[in-house]
Amino acid sequence: MKKRALITGITGQDGSYLAEFLLEQGYEVIGMIRRSSTVNFERIKHIQDRITLAPGDLMDEVSLIGLLREYRPTEVYNLAAQSFVQTSFSQPVFTGEVTGLGVTRLLDAIRIVDPEIRFYQASSSEMFGKVVEVPQRETTPFYPRSPYGVAKVYGHWITVNYRESYNLFACSGILFNHESPRRGLEFVTRKITHGVAQIKLGLANELRLGNLEAQRDWGYARDYVKAMWLMLQQDQPDDYVIATGQTHSVRRFCEIAFGHVGLDYRDYVVQDERFYRPAEVDLLVGDASKAREKLGWQPETSFEELVQMMVEADLKLLKQEHRL
Ligand code: NAP
Ligand code: GDD
């Protein structure tokens, strides 16, 4: 029988890659979309005729129950969230509602409609925050540094709790930062590669950023969605860190991105207070040995390849947009 997966957050970066991946595996894919006044299917328009889009919202439990009853998925991937850390400082309650409590609403809907459904929760390295151990692994204690990180810790533990309380097949993937040409423009990697492309094409003359010393373990989103799927194919539900094991500063990202088009970032990057955070996560670097050993997963794209791929994609995009 054809497997059927429901993806929340299908219009986001990861949702679009996961939908592609699951289609390749022969799945029927249902994507939950929330109502908006303008269409935002940019990332999924190339697969729109092969997936089913159905309305629902993590804020509204009845909509989740209705979706599960109507489509009866065998797997549910919860990728929906208010996912931007900076916004979580200005909208902490909203972030808690969607990114935290939204997980409980979906788990309850699963419990009510079909407790056999396999569930994936998009947990985050942001939960490690002010890290108490380097590198971070599944057993590293959490110390979140943003309302987003706090909400993700709640989402993580409610997933573990429903697994232990109700015997649900619920997994939590603790994913470190992963990027792609489909990354939202507000996240630092895409902001940099888009900025580099604008400057190279004469459409801008500076790039305003915040803290250049923050270090992140950056991987490629397409590699990471495979790990989500692998978690749900195991005999037992469990939690896994997904990371490259290498860390780089925002400054280094700038150096490579500008360098790729023959520019020196020091001539264009301006540091701007507006992009600093009330509390920062200084260093993230993950240890994905458990995923490598139990899932057979490993990253396939290097940091340099990722940066160059993103710069090239933004150059192409802007040339098309501006008919250059
Ligand atoms: P993203 O691009 O920001 O996508 C977020 C998705 O959630 C969008 O489809 C958005 O819909 C949807 N959404 C937001 N609020 C919703 C609500 N109330 N009800 C239903 N849908 C809602 O995020 P991403 O980078 O793909 O990340 C996917 C997940 O992984 C998120 O949970 C994120 O927190 C987590 N995560 C990401 C990373 C990373 O580095 N990318 C690392 C660790 C964990 P609209 O398009 O309508 O806004
Ligand atoms: N966004 C942004 N904009 N970040 C900047 C800027 C800027 O102008 N300048 C410096 N930074 C620094 C931030 O202070 C942070 O230390 C780092 O760049 C990365 O910021 P983001 O790209 O916004 O990502 P994030 O690490 O805060 O959060 C992402 O990764 C998490 C996993 O660790 C998001 O995708 C989260 O949803 C995800 O959970």
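Hi everyone. Let me start with a definition: buried means under 20% relative accessible area, exposed means over 50%, and partly exposed is in between, using a 1.4 Å probe and the protein chains only. This is a predicted model, where local features need pLDDT of at least 70 and side-chain atom pairs count only at pLDDT 80 or more, while totals for chains, interfaces and linings use all residues. Residues are numbered from 1 along each chain as its sequence is written, and side-chain values use heavy atoms, with hydrogens and water left out.

You will find Arg69 in helix α2, residues 61-71; helices (H or I, at least four residues) and strands (E, at least two) are DSSP runs, numbered from the N terminus. Setting aside neighbours within four places in sequence, Arg69 touches Ile112 and Val113, where contact means heavy atoms within 4.5 Å.

Now let's step back. The protein has ten helices and 13 strands, and 54% of its 324 residues count as buried. Its C-alpha trace spans about 60 × 45 × 40 Å along the principal axes.

What about the inside? The largest nonpolar core has 64 residues, and Leu22, Tyr77 and Ile192 have the most contacts inside it. Such a core is a set of buried Ala, Val, Leu, Ile, Met, Phe, Trp, Tyr and Cys residues joined through side-chain atoms within 4.5 Å. Helix α7 (residues 221-232) gives the largest share of this core, nine residues.

Last stop, the aromatics. There are 13 aromatic pairs in the structure. Rings of Phe, Tyr and Trp (its six-membered ring) pair if their centres lie within 6.5 Å; planes under 30 degrees apart count as stacked, over 60 as edge-to-face and the rest as tilted. For Tyr17 and Tyr220, the ring centres are 6.2 Å apart and the planes are at 75 degrees, so this pair is edge-to-face.

Conventions: Chains are lettered from A and ligands numbered from 1 in the order in which they are written.
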